[in-house]
Amino acid sequence: MKIMVINGPNIDMLGIREPDIYGENTYANLLEMLKKYAEEKNIDIVPFQSNIEGEIVNAIHTAYFDGFDGIVINPAAYTHYSIAIADAIKAVDTPCVEVHLSNISARDEFRKISYTAQNCVGQIAGFGFFGYKMAVDALIDRIKNYE
Ligand code: DQA
């Protein structure tokens, strides 16, 4: 099983950026955690991060054309306004789970709206790094039982 984990803008700044909201751990720490989790679950996890909208659209297309079984995506700020990323998720039949480190429902009004979640299987928000593990588990369960 092959899962692509896509992170959007400023996720490369974890540890530096607003640690009171996003924690002290870095993007490199997130990659380490995902690597260990992939070994534990005996699956392939391929990470991708970009600060550029079109590159995220391209990554979603790549996940589809390269036969990935699922996508975990934290579109970051693009969540709240990217029709292009929302359309890309809708364009492919690769199941996609949206993750947010913070609880976007408990923050600014503009963060309460997700353009992308409506085209995902579901959304996990507010559990920090653990949310990525939850998203991977949700995809494994879905792929094994429903695909
Ligand atoms: C985020 C929440 C977004 O509102 C914000 O723009 C981010 C990170 C999160 O993981 O909590 O960059 O997606």
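These legends walk through several close-up views of a predicted model of a protein chain with its ligand.

View 1. Residues are numbered from 1 along each chain as its sequence is written. The protein chain averages a pLDDT of 97, pLDDT being the predictor's confidence in each residue, from 0 to 100. In this chain, 99% of the residues score at least 70. For the model, ipTM comes out at 0.99 and pTM at 0.97.

**View 2. The shell around the ligand.** Around the ligand sit N10, N74, A76, A77, T79, H100, L101, S102, I104 and R111; a residue makes the list if its C-beta atom, placed from the backbone, lies within 6 Å of the molecule. By type, the shell splits into 4 nonpolar, 5 polar and 1 charged. Here Ala, Val, Leu, Ile, Met, Phe, Trp, Tyr, Cys and Pro count as nonpolar, Asp, Glu, Lys and Arg as charged, and the others, Gly among them, as polar.

View 3. N10 is in the loop between strand 1 and helix 1 (19-22), and A76 is in the loop between strand 3 and helix 4. Helices (H or I, at least four residues) and strands (E, at least two) are DSSP runs, numbered from the N terminus. N10 isn't a glycine, yet its phi is positive, about 75°. A76 isn't a glycine either, and has a positive phi of about 55°. With 16 C-beta neighbours inside 10 Å, N10 is partly exposed, while A76 has 22 other C-beta atoms within 10 Å and is buried. The cut-offs: buried takes 20 or more other C-beta atoms within 10 Å, exposed takes 12 or fewer, and partly exposed is in between, with C-beta atoms placed from the backbone.

**View 4. V72 and V5 up close.** Leaving out residues up to four places away in sequence, V72 touches I3, V5, V97, V99, Y132, A135, V136 and L139; contact means C-beta atoms, placed from the backbone, within 7 Å. V5, in strand 1, is buried because 24 C-beta neighbours fall inside 10 Å. Counted likewise without residues up to four places away in sequence, its contacts are L34, I45, P47, V72 and Y132.

View 5. Helix 2 has 15 residues and reaches 21 Å from its first C-alpha to its last, close to the 21 Å expected at 1.5 Å a residue, the expected span being 1.5 Å times one less than its number of residues. Just after this helix, N42 takes a positive phi of about 60°. V46 belongs to strand 2 (residues 44-49) and is partly exposed, with 17 other C-beta atoms within 10 Å. Beyond residues up to four places away in sequence, V46 touches K2 and M4.

Notes. This is a predicted model: local features need pLDDT of at least 70, side-chain atom pairs count only at pLDDT 80 or more; totals for chains, interfaces and linings use all residues. Two residues are in contact if their C-beta atoms, placed from the backbone, lie within 7 Å.
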